[in-house]
Amino acid sequence: MARTKSILTEARQIERAVTLIKLGARLQVLESETDLSYERLLRLYKEVSGKSPSKGQLPFSTDWFMTWQPNIHASLFLNIHEYLNKTSELEEIDTVIKAYQLYMEQTSAQGLEPMLSVTRAWRLVKFVDNGMLTMTKCTKCGGHYVSHPHEIAKHFVCGLCNPPARAGKGRQAGALQLPSAGSRQLATNEAE
């Protein structure tokens, strides 16, 4: 006897797929996170976004998350995700969706251009789940940042406490900007 599909379950899956498409998820994410057929997902993708989905492989390297600005964005997202994981009873993909929406709100509120796509955010969670990346506490500020699992936590300093030499110096709109040493000294002198 063939198993009957639940209309409510299918409706939830379609709603989840539509939300992911609107957030810009790649088709491979939809295939992985729903039970809908490839053909239905393709039709849904075209209907919702008005275009065909992007072709090509998903990003697979953990290295992107280790560079300065992407690490800060990835860490913000992952901290939100971990908080939601502990405080709510959402399914994993719904936690990713909600955490990504909150990440987008935070970057927008700060006037920053989001660096993390929903597909990269989803991949980041998969990397953490598989032990390829982890969160490590900064010994200076106490924040938790994305790092390699073999990072020596005893001496870990985040990219905000110890930015690379050229970090935050660019004039790109929406990028993180760090005050120069001169302006930090001026602000310190004015405060005294």
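Reader: Which residues of α6 are called buried, and what does the word require?
Author: In α6, the buried residues are Val118, Thr119, Ala121, Trp122, Arg123, Leu124, Val125 and Phe127. Buried means under 20% relative accessible area, exposed means over 50%, and partly exposed lies in between (1.4 Å probe, protein chains only). This is a predicted model: local features need pLDDT of at least 70, side-chain atom pairs count only at pLDDT 80 or more, and totals for chains, interfaces and linings use all residues. Numbering runs from 1 along each chain as its sequence is written, and side-chain values use heavy atoms, leaving out hydrogens and water.

Reader: What do the buried residues of α6 pack against?
Author: They pack against α1 (7–23), α2 (27–33), α4, α5 and β2. Packing rests on contact, which means heavy atoms within 4.5 Å.

Reader: What makes α6 a helix, and how does its reach compare with the span expected?
Author: Helices are DSSP runs of H or I of at least four residues, and strands are runs of E of at least two, numbered from the N terminus. Helix α6 (residues 118–129) has twelve residues. Its first and last C-alpha atoms are 17 Å apart, close to the 16 Å expected at 1.5 Å a residue. The expected span is 1.5 Å times one less than the number of residues. Gly131 follows α6 with a positive phi, near 75 degrees.

Reader: Why is Val48 called partly exposed?
Author: Its relative accessibility is 29%, so Val48 counts as partly exposed. Val48 lies in helix α3 (residues 38–49). Leaving aside residues up to four places away in sequence, Val48 touches Val18, Ile21 and Lys22.

Reader: How far can the model be trusted, by the predictor's own confidence?
Author: pLDDT is that confidence for each residue, from 0 to 100. The protein has a mean of 86, and 84% of its residues reach 70 or more. Helix α5 (residues 92–109) is highest at 97, and helix α7 (residues 181–191) is lowest at a mean of 41. Residues 181–192 have pLDDT below 50, and beyond near neighbours in sequence this stretch has one contact in the model.
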